[in-house]
Amino acid sequence: MNIRVPKHYDKTIQPIDFILANGMGFVEGNIVKYICRYELKGGVEDLEKIKHYCDILIENERQKRAEA
């Protein structure tokens, strides 16, 4: 079975492989996904998504510290 990889994921290491190998969660995984493809697919829109997910991570870290 030969699976065609979309051009925006034509990387030496596939984002999903990196994400899984490093035990990343959903939010971190989306950051990796969008940074790997932004130049070939989503451009500024993907960069905005990265900012959004970073804001989620920041807020989550702040909440964890406040609860500690």
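This is a short tour of the structure you have open, one selection at a time.

Before you click, know that this is a predicted model: local features need pLDDT of at least 70, side-chain atom pairs count only at pLDDT 80 or more, and totals for chains, interfaces and linings use all residues. Residues are numbered from 1 along each chain as its sequence is written, and side-chain values use heavy atoms, with hydrogens and water left out.

**Stop 1: the whole chain**

Show the chain as a cartoon. Helices (H or I, at least four residues) and strands (E, at least two) are DSSP runs, numbered from the N terminus. Now colour by burial, where buried means under 20% relative accessible area, exposed over 50%, and partly exposed in between (1.4 Å probe, protein chains only). Of the chain's 68 residues, 22% count as buried.

**Stop 2: helix H3**

Select residues 44-67, which are helix H3. H3 has 24 residues and reaches 35 Å from its first C-alpha to its last, close to the 34 Å expected at 1.5 Å a residue. That expected span is 1.5 Å times one less than the number of residues in the helix.

Which residues of H3 are buried? They are Asp46, Ile50 and Tyr53, and they pack against H2.

Zoom in on Asp46, which counts as buried at 1% relative accessibility. Show what Asp46 is in contact with (contact means heavy atoms within 4.5 Å). Leaving aside neighbours within four places in sequence, Asp46 touches Tyr34, Arg37, Tyr38 and Lys41.

**Stop 3: the aromatic rings**

Next, select Phe26, Tyr34 and Tyr53, which form one aromatic cluster. The structure holds two aromatic pairs. Rings of Phe, Tyr and Trp (its six-membered ring) pair if their centres lie within 6.5 Å; planes under 30 degrees apart count as stacked, over 60 as edge-to-face and the rest as tilted.

Start with Phe26 and Tyr53: this pair is edge-to-face, with 6.3 Å centre to centre and 75° between the planes. Phe26 lies in helix H2 (residues 26-37) and Tyr53 in helix H3, so the pair ties together parts that are 27 residues apart in sequence.

Turn to Tyr34 and Tyr53, a stacked pair with 6.2 Å centre to centre and 20° between the planes. Here too the pair links distant parts of the chain, with Tyr34 in helix H2 and Tyr53 in helix H3, 19 residues apart. Both Tyr34 and Tyr53 are buried.

**Stop 4: the largest pocket**

Finally, select Pro15, Ile16, Ile19, Gly29 and Lys33: of the 10 residues lining the largest pocket, these are the closest to its centre. On a 1 Å grid over the protein atoms alone, a pocket is an open set of points where a 1.4 Å probe fits, with protein on both sides within 12 Å along at least five of seven lines; lining residues have an atom within 4 Å of a point.

About 170 Å³ of space lies in this pocket. Grid points are joined across faces, edges and corners, and the volume is the space filled by probe spheres set on the points.

Which helix supplies the largest share of the lining? H2 does, with four residues. Helix H1 (15-21) and H2 each supply at least two.
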